[in-house]
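These are my notebook entries on a structure that I looked up piece by piece. I record the strands, then the ligand, then some single residues.

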Amino acid sequence: MNPLNLVLRDRTHLWHPYTQMLTRPDPIPIVRGEGVYLYTEDGRRLLDGTSSWWVNIHGHSHPRLNEALAAQARVLEHVVFANCTHAPAVELAERLLRVAPAGLSRVFYSDNGSTAVEVALKLALQYWANRGEPSRRTFITLHHAYHGDTVGAMSASEDSVFTRPFTSMLFNVARAHAPYCYRCPVGLERSSCHIECLAGIADTSTLEQQLEQHGESAAAVLVEPMLQGAGGMIVWPPEFLAGVRHLCDRFGTLLIADEVLTGFGRTGRMFACEHAAVRPDIMCLSKALTGGYMPLGATLTTETVYDAFLSEDRTRTFFHGHSFTANPLACAVAAASLDLFHETNRLESVRALERWLHDGLDSLRTLPIVGEVRVIGGVGIIELVTDRVTKSASGYLDQMGPRLTAAFLDRGLLLRPLGNVLYFMPPYVITESETAWVIDQIAAVLQDPAIFR
Ligand SMILES: Cc1ncc(COP(=O)(O)O)c(C=O)c1O
């Protein structure tokens, strides 16, 4: 095979996500995956340092997941889910609810993370309308949020270069401070603060103040618990999450936990809500739901929310669905992924990874380019700055992402920094020596003067 065959054919016909097609480097032609490694058409081996957009947990091409998928394909590949049901959908729902935070009792399937969020927003809105409170229409989300690329999910996300071309199609949401402790929105230090970014001070952007202002019209508060991902890999104090639940209760509104990134162990607990024993009213899942194999979304909710849709009046029906709702192949592989959690004690692997990341990344804290190192579960994060005192991240760091990506690629490591935030989020099956190797590569690149010229 011509080694550049895939790249040339791709260049002729394809259009990639988040990619300026005029100036982009050639795409990396991947022909095979195994464990934490991806193999290219031109014979390179790359360690998958972002779990293929945060989806993979058991490693690529896992024999058990391969078999689950093949076995289901031999029996039933797909069927309409409006008026049919099937074993993979039922079994997965039963098993998800067994591990999900207490109180969640219903599963609504969709296709991906954005649709899981879209379903959550629509459920919340219609829940209040069905209960006779149609004026509860405002969503409160956090700064630095990212919830997806569909219209509702974009509306709920932080205003950014990604959403700006589409502003005219987005709806307004109220926005509250996120607990971005390294750049505290209310100018305090985590070591001595009392989570004032959430409540207790006269600042109109705390969630408490936003709820004071919009409480009567608030449909729901939507958050990414414990780890805000695409908005900068911001790790929360668990007290903030507990406080969000408390405020939602105080103001009588719903709490939607977007666990699309954090679900299935990524933060060291099965679900990030567990860090503060929080029970959300609605929870969004996708990404690692299928072990990273198939597109599948699930929006879980309580019996209280579900009951508000039961009526002789058909207008109270939840009119939402997708052609591939509850796809049997995706559900079967998701169930097999849950099996692997129990059989292999995957959560313990994440906690071991967390220890290796803590120990390994610690030595990088003193580098002049490193503003902060953060670790949660299987995610190691390094926020790069041009000035450690002012925490400035402007100037040459703007172009830093692509240069870092290229430097890591040369070393056999696939990473995709988010602007000035470099992070490492591998499949959970990575070994201690592989983790140490990755940290060595990161240390070498961050000390390479050619990159930070
Ligand atoms: C927290 C969160 N919610 C939603 C999404 C959207 O998921 P998808 O890309 O599958 O639409 C993402 C994607 O990164 C995410 O991180």
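**Entry 1: strand β16.** I looked up which way the side chains of β16 (residues 421-424) point: Val421 and Tyr423 go one way, and Leu422 and Phe424 go the other way. I noted that all four named residues are buried. Buried here means under 20% relative accessible area, exposed means over 50%, and partly exposed lies in between, with a 1.4 Å probe and protein chains only. Strands are DSSP runs of E with at least two residues, helices are runs of H or I with at least four residues, and both are numbered from the N terminus.

I also recorded how the entries were made. The model is predicted, so I note that local features need pLDDT of at least 70 and side-chain atom pairs count only at pLDDT 80 or more, while totals for chains, interfaces and linings use all residues. Residues are numbered from 1 along each chain as its sequence is written, and side-chain values use heavy atoms, with hydrogens and water left out.

**Entry 2: the sheet that holds β16.** I found an open sheet of three strands in the order β13-β14-β16, with antiparallel pairing. Its edge strands are β13 (370-376) and β16, each of which pairs on one side only. On average, neighbouring strands of this sheet are turned by 15° against each other, direction ignored; the axes are lines fitted to C-alpha atoms, for helices over the stretch in contact, and angles run from 0 to 180 degrees between N-to-C directions. Two strands pair if DSSP finds at least two bridges between them. I reminded myself that strands of a sheet pair through backbone hydrogen bonds, either parallel or antiparallel.

I then followed the bridges. Strand β14 (residues 379-384) pairs with β16 in the antiparallel sense over four bridges, and Glu383 has Val421 as its bridge partner in β16. Between β13 and β14, which run antiparallel, I recorded six bridges. Glu372 has Glu383 as its bridge partner in β14, and Val370 stands opposite Leu384 in β14. The hairpin of β13 and β14 has two residues between the strands, and Gly377 takes a positive phi near 55° in this hairpin.

Why is β14 largely enclosed by the rest of the structure? Six of the six residues of β14 are buried, so the strand is largely enclosed. Val379, Ile381 and Glu383 lie on one side, and Gly380, Ile382 and Leu384 on the other.

**Entry 3: a second sheet.** I found an open sheet of four strands in the order β1-β2-β3-β15, with mixed pairing. Its edge strands are β1 (30-34) and β15 (413-414), each pairing on one side only. Strand β3 (residues 45-48) and β15 run parallel and are joined by two bridges. The bridge partner of Leu47 in β15 is Leu413.

**Entry 4: the ligand.** I listed the residues around the ligand, among them Trp54, Asn112, Tyr146, His147 and Glu224. A residue counts as near if one of its heavy atoms lies within 4 Å. The shell divides into four nonpolar, five polar and three charged residues. In this scheme, Ala, Val, Leu, Ile, Met, Phe, Trp, Tyr, Cys and Pro are nonpolar, Asp, Glu, Lys and Arg are charged, and the others, Gly among them, are polar.

I next looked up polar contacts, which are pairs of N or O atoms within 3.5 Å; within protein, one must be able to donate a hydrogen and the other to accept it, and residues adjacent in sequence count only if both atoms are side-chain atoms. A nitrogen atom of the ligand is 2.7 Å from an N or O atom in the side chain of Asp258. An oxygen atom of the ligand is 2.9 Å from a polar backbone atom of Gly113. A polar side-chain atom of Lys287 lies 3.0 Å from an oxygen atom of the ligand. Taken alone, the ligand exposes 390 Å², and the protein buries 83% of that. Accessible areas come from the Shrake-Rupley method with a 1.4 Å probe; for residues, only the protein chains shown count as cover.

**Entry 5: single residues.** Is Gln228 buried or exposed? Gln228 counts as buried, at 1% relative accessibility, and its place is in strand β8 (residues 227-228). A polar atom of the side chain of Gln228 lies 3.1 Å from the backbone oxygen of His143.

Most residues other than glycine have a negative phi. I noted a positive phi of about 50° for Tyr18, which lies in the loop between α1 (5-13) and β1. Tyr18 is partly exposed, with a relative accessible area of 41%. Trp53, in helix α2 (residues 51-54), has a positive phi near 65° and is partly exposed at 39%.
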